[in-house]
Amino acid sequence: MSRSRRRGRRVTLPAPVLALAVVAVLFFALPLVGLLWRAPWSDAWAYLTEEHALTALRLSLICSLWATLLSVVFGVPLAWFLARVEFPGRSVVRALCTLSMVLPPVVGGVALFFALGRRGLMGQYLDRWFDFRLPFTTAGVVVAQTFVAMPFLVITVEAALRQLDQRVEDASRTLGASRWYTFRRVTLPAIRPALVAGAVLAWARALGEFGATITFAGNFPGTTQTMPLAVYLALETNPEQAIVLALLLIAISFAVLVGLRDRWFGRSDRSSTTVLA
Amino acid sequence: MTVFAAASLTAAFTEIGFAFTVENPNAKATFSFAASSELVTQIGEGAPADVFASADMGNMTRLTDAGNNSSEPQVFATNSLEIMVGPGNPKGITGVADLADEDLIVVICAPEVPCGKYAAQIFESAGVMVAPKSLEENVKAVASKVTLGEADAGIVYKTDVTAAGDKAAGVEIPADINVLAKYPIAVTREAANAEGAQAFIDFVNSAQGQKILASYGFLAP
C-alpha cells in the first residue's frame, strides 16, 4: 500500500541535487560493474563450488550471525544506557564504544591481542586458569567481528531511543508497568525498525570484516578463514577466483539488504527513527 | 624514480635508497613496499613504477610474461628461512622436527604467498607433519604473531629474525632442507626514468649496496 503511494507521489529535485545524487550512485555502482565486467563467467561455477570456498562461506555466515547476535544482546542495553542515563563523561563512554568504527581494523586486531591474547591483560588469565585461548579460534573470529560491528548497532539504536517520545514510556510507567515490562512492550516495539537496521548494518560489517579477523584470529581454512580472507588470499594467486568469491559475498549481502529493507522498512519509510531507510 | 619492492626489503632498501641519494645528489628514490604479488598486479594496472624488486622468481616471471619489464631480471640477493621463536627460545625448539608437537602454536605463511610455499617445502624435505594454527597472509604477520607471544614458533626469512632484534630468536634450518629464496630486480616497461632506474639497480649490485643487504641478513646471489 505504501509502495503505490510512494510511486504515485512525484517529487522533483533541483537539478544540481539530482546530478550530485547520480554521481554518487555511479560512484558506488561502477566498481561493482567493474567486478562483473572482469568476472570469468565460464569458470564461475567451478570456482564457487570448490570446497574451500564453500567452507569459507559457511564460516562467514556462522560467525557474522553470532557477531550480530552478540551485538544485539550487548549493544541494545548499551544504547539504552547511553540514551537514557545521564552521567558525567557520557560522551567519553560513547566515543569509547564507537572507537572501533574509526580504528584501522588491523590496529583493532592488535589491540585485541593486548586485551584478550595469550599475553593480553585479560587473555593471560583465560589461558592460565581455563586453558582457553581466543587467537586462532573461531570464537576469536566472532570476537573480532563483534568488536568492529557492534558500534553500528549501538549508534543506530541510540539515535532511535533519543528520538522516541519519552512520555510514552512515562505513561506506561504511570499505568503501573514495571521498567522491564515498559522496555519490552513499549520501548522495544517503538524502536524496532532502528533495531533491525542496526542489526543489519552490524551483520553486513561483520560479514565483510577482514583486518581485525586476520590479525587477531589468523587464517586457517575451516577454523578462521572467512570469505573476505579467502578472497584476499585468492588475489595472490588466482585473481579470477577472487573476483568470483567477492561477487558471491556481494550477492548475498545485496539480497539480504534489499530483502530486509522491503520487508521491514517499507512501513516506516517516513518515520524519523529509521536510519537506514 | 619510484621503486616497487617486496615487503621483506623494506628496511634494507630504505637504507640503500638513502645511500643512493648520498652518492647521486640529483636522484630521488621513493619506495612502495608491499607483497610482491600485489606489486605485480599494481604495475599491470598502470602504477608508476620504475624498478620492481621481487621476493621470488615467480612474481618476476608474472611481470616479464606480461611484458612489463624493459631490462632482464637480475638476482641481487638471496634469503634463507629460519624458525622464529620467542626471546630466549622458551619452548626449547631445536629444529623443524620439534614443530610437529601439537601443543605448540605454530604459524606459517599461506600457501598462496612465497614464504608459505617455502615452509611447505621445508616440512616436506624434513619429513615432518606440522599442523599450523594459522596460515598468515604475509611473512610480517607471522613474525608479529611470534614477537607478540601469541605463537610459539613461525617459519620466516632470516632477515625477519634479524629485523625483530631482541623481540625474537632464530633457530637455524640446516641447508640440506632449507630453501634459498632468490630476489630478482628489473626496470619496468613504463619506467619514466629508465636511466635512473638502471643506476639504482647498479647501486644495489655494487659493493656498497651488497654490504647494506648483508647487514640485514640477506645472502649474496
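This is a predicted model: local features need pLDDT of at least 70, side-chain atom pairs count only at pLDDT 80 or more; totals for chains, interfaces and linings use all residues.

Visitor: Why is α9(A) called roughly antiparallel to α10(A)?

Guide: Helix α9 (residues 166–174) of chain A and helix α10 (residues 179–190) of chain A pack at an angle of about 160°, and their axes are 10 Å apart. Angles over 145 degrees count as roughly antiparallel, so α9(A) and α10(A) get that label.

Visitor: Which residues meet where α9(A) packs on α10(A)?

Guide: From α9(A) come V168(A), E169(A), S172(A) and R173(A), and they meet T182(A), V186(A), T187(A) and A190(A) of α10(A). Sorted by class, this contact has three nonpolar, three polar and two charged residues.

Visitor: What makes α1(B) and α8(B) roughly antiparallel?

Guide: Helix α1 (residues 10–23) of chain B packs with helix α8 (residues 207–215) of chain B at an angle of about 150°, with the axes 9 Å apart. The cut-off is over 145 degrees, and therefore α1(B) and α8(B) are roughly antiparallel to each other. On the α1(B) side the contact is made by A12(B), E15(B), I16(B) and A19(B), and on the α8(B) side by Q208(B), G209(B), I212(B) and L213(B). Their classes are five nonpolar, two polar and one charged. The crossing of α1(B) and α8(B) is right-handed.

Visitor: How do you know that α5 of chain B is largely enclosed by the rest of the structure?

Guide: A residue is buried if 20 or more other C-beta atoms lie within 10 Å of its own. Eight of the nine residues of helix α5 (residues 139–147) of chain B are buried, so the helix is largely enclosed. Among them are V139(B), V142(B), K145(B) and T147(B).

Visitor: What do the buried residues of α5(B) pack against?

Guide: They pack against β4 (74–85), β5 (106–109), α4 (114–126), β6, β7 (153–157) and α6 (158–164) of chain B. After α5(B) comes G149(B), with a positive phi near 85°.

Visitor: Why does D131(A) count as exposed?

Guide: D131(A) has 7 C-beta neighbours inside 10 Å. Since 12 or fewer is the limit for exposed, D131(A) therefore counts as exposed. D131(A) sits in the loop between α7 (123–130) and α8 (138–163) of chain A, and has a positive phi of about 55° although it is not a glycine.

Visitor: And F136(A): buried or exposed?

Guide: F136(A) has 24 other C-beta atoms within 10 Å. With 20 or more needed, F136(A) is therefore buried. F136(A) is found in the loop between α7 and α8 of chain A. Phi of F136(A) is positive too, near 65°, and this residue is not glycine.

Visitor: How many residues of chain B are in contact with chain A?

Guide: 14 residues of chain B are in contact with 15 residues of chain A. On the chain B side, strand β6 (residues 134–136) gives the largest share, three residues. By class, that side has six nonpolar, three polar and five charged residues.

Key:
Residues are numbered from 1 along each chain as its sequence is written. Chains are lettered from A and ligands numbered from 1 in the order in which they are written. Axes are lines fitted to C-alpha atoms, for helices over the stretch in contact, and angles run from 0 to 180 degrees between N-to-C directions. Helices (H or I, at least four residues) and strands (E, at least two) are DSSP runs, numbered from the N terminus. Angles under 35 degrees count as roughly parallel, over 145 as roughly antiparallel, 65 to 115 as roughly perpendicular and the rest as oblique. Two residues are in contact if their C-beta atoms, placed from the backbone, lie within 7 Å. Ala, Val, Leu, Ile, Met, Phe, Trp, Tyr, Cys and Pro count as nonpolar, Asp, Glu, Lys and Arg as charged, and the others, Gly among them, as polar. A crossing is left-handed if the near helix is turned anticlockwise from the far one by less than a right angle, and right-handed if clockwise.
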